[in-house]
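Morning, everyone. I have one structure to walk through. Let me put it on the screen.

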Amino acid sequence: MRLPTSIELHKASRTLVLGYGDARYSLPAEFLRVHSPSAEVQGHGKPILQYGKSRVALTGVEPAGNYALKLVFDDGHDSGLFTWDYLFELATRQDELWKDYLEQLAAAGRSRDPDESVVRLML
C-alpha cells in the first residue's frame, strides 16, 4: 500500500496534491472525477465515459477508514472511494491515463466542455 505523506486540497486551482516522500503529484479535479472508482463511472465491468467535466471542482476530501479517501465533487458526485493504491496509480500514470481519456472522448464525439455539443459534419 502506497500511503501519501501529504494530502492538500487546493480549491482555487481545483487540484488535489499528493506527496510521496520527495515526489509531489497535482491531480486536477476533472481528472479525478472522470477516473472515479464509483460504479457510476466504472459500471459493472464496462466503464461509462464521463464527459463535460472540465469545470468540475473538489469541494471536500474525507478519510474512509485507513484505506481510502472519499472525494466530494461540486456536481454532486461523491460515491467513489479512492484507495491509497488507486490514488498512487492515478498519480504515477496521470499522463498516460489522461491521453487515453482524451482519445476515448474524441472517438465518442464528446467534449470536456459541459456547454459544448460536438457535431460531426458528413461531407
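First, a term: contact, or touching, means heavy atoms within 4.5 Å. Keep that in mind for Ile7, which touches Leu16, Val17, Leu18, Leu69 and Trp84, leaving aside residues up to four places away in sequence.

Now the ground rules. This is a predicted model, where local features need pLDDT of at least 70, side-chain atom pairs count only at pLDDT 80 or more, and totals for chains, interfaces and linings use all residues. Residues are numbered from 1 along each chain as its sequence is written, and side-chain values use heavy atoms, with hydrogens and water left out.

On confidence: pLDDT is the predictor's confidence in each residue, from 0 to 100. The protein chain has a mean of 92, and 94% of its residues reach 70 or more.

Buried means under 20% relative accessible area, exposed over 50%, and partly exposed in between (1.4 Å probe, protein chains only). Ile7 has 37% relative accessibility, so it counts as partly exposed. Its C-alpha atom is separated by 35 Å from that of Gly109, 102 residues apart along the chain.

Next, the core. A nonpolar core is a set of buried Ala, Val, Leu, Ile, Met, Phe, Trp, Tyr and Cys residues joined through side-chain atoms within 4.5 Å. The largest one here has 20 residues. Those with the most contacts inside it are Leu32, Leu58, Leu71, Phe82, Leu87 and Leu90. Which elements each supply at least two residues of this core? Strand E2 (15–20), helix H1 (29–34), strand E5 (68–73) and helix H3 (84–92). H3 gives the largest share, 6 residues.

Take Leu71. Beyond four places in sequence, its contacts include Leu16, Leu32, Leu58, His77 and Phe82.

That brings us to His77. Where is His77 found? In the loop between E5 and strand E6 (81–83). Is His77 buried or exposed? Buried, because its relative accessible area is 4%. Now its polar contacts: pairs of N or O atoms within 3.5 Å, where within protein one must be able to donate a hydrogen and the other to accept it, and residues adjacent in sequence count only if both atoms are side-chain atoms. The His77 side chain makes one of 2.9 Å with the side chain of Ser36. Another, of 3.4 Å, goes to the side chain of Ser38.

Last, the sheet. Two strands pair if DSSP finds at least two bridges between them. An open sheet of 3 strands runs in the order E4-E5-E6, with antiparallel pairing. Strand E4 (58–64) and E6 stand at the edges with a single partner strand each, so one side of each is left without a neighbour in the sheet. E4 and E5 pair over 6 bridges, with Pro63 opposite Leu69 in E5. These two strands form a hairpin with 3 residues between them, and Gly65 in the turn has a positive phi of about 65 degrees. E5 and E6 are joined by 3 bridges. There, Lys70 stands opposite Leu81 in E6.

Notes:
Helices (H or I, at least four residues) and strands (E, at least two) are DSSP runs, numbered from the N terminus.
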